[in-house]
Amino acid sequence: MNQNKPFGLILPKKHKALQVKTSAIFGSDSDDEPAKKKSIPIPQKKAPSKKLRQEVCEDPSIYEYDSIYDDMKAKESCQNRCSKGQQTIPLY
């Protein structure tokens, strides 16, 4: 056999790793300085505006969307129940 070729597991030679230089951007950061947190103001509920009060005085039902919507759905469900009672005639 040939003496030049090694026998067994052949591992590649490791090259020296290049050192990564840190940039000066992060060099000035220090943990000694206390972190200042910005305070976020808590939103407070504002008093109703003059325009809103005037609109409510003119028509008290101006913002009663839910009751009107419930009435519409009740009418639709009543119509659906009435139409289910009738028998449908097959087309074919």
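**Close-up 1. Glutamate 76, a partly exposed residue with a salt-bridge partner.** In this predicted model, glutamate 76 comes out partly exposed, at a relative accessible area of 37%. Its partner is lysine 73: the two side chains meet in a salt bridge, 3.6 Å from N to O. Lysine 73 is partly exposed as well, with 37% relative accessibility.

**Close-up 2. Lysine 73 and glutamate 76 along helix α2.** How far apart do the two partners sit in helix α2? They are three residues apart in this helix, which spans residues 65-85, so about one helical turn separates them. Side chains of opposite charge can pair when their charged atoms come close. Searching the whole structure turns up one salt bridge, and glutamate 76 and lysine 73 are a pair that meets in one.

**Close-up 3. A nonpolar patch on the surface.** Five side chains to look for here: Leu52, Val56, Ile62, Tyr63 and Tyr65.

Close-up 4. How many disulfides does a search of the whole structure find? The tally is zero. Is cysteine 57 buried or exposed? Cysteine 57 counts as exposed, with 66% relative accessibility. Cysteine 78, at 38%, is partly exposed.

How values were computed
Residues numbered from 1 in each chain as written. Predicted model: local features only at pLDDT ≥ 70, side-chain atom pairs only at ≥ 80, totals over all residues. Heavy atoms only, no water. Salt bridge = Lys/Arg side-chain N within 4 Å of Asp/Glu carboxyl O. Helix = DSSP H or I, 4+ residues; strand = E, 2+ residues; numbered from the N terminus. Buried < 20%, exposed > 50% of the residue type's maximum accessible area, 1.4 Å probe, protein only. Patch = residues over 30% accessible without salt bridge, like charges linked within 9 Å, V, L, I, M, F, W, Y side chains within 5 Å. Areas by Shrake-Rupley, 256 points an atom, 1.4 Å probe, with all protein chains shown as cover. Disulfide = S-S within 2.5 Å.
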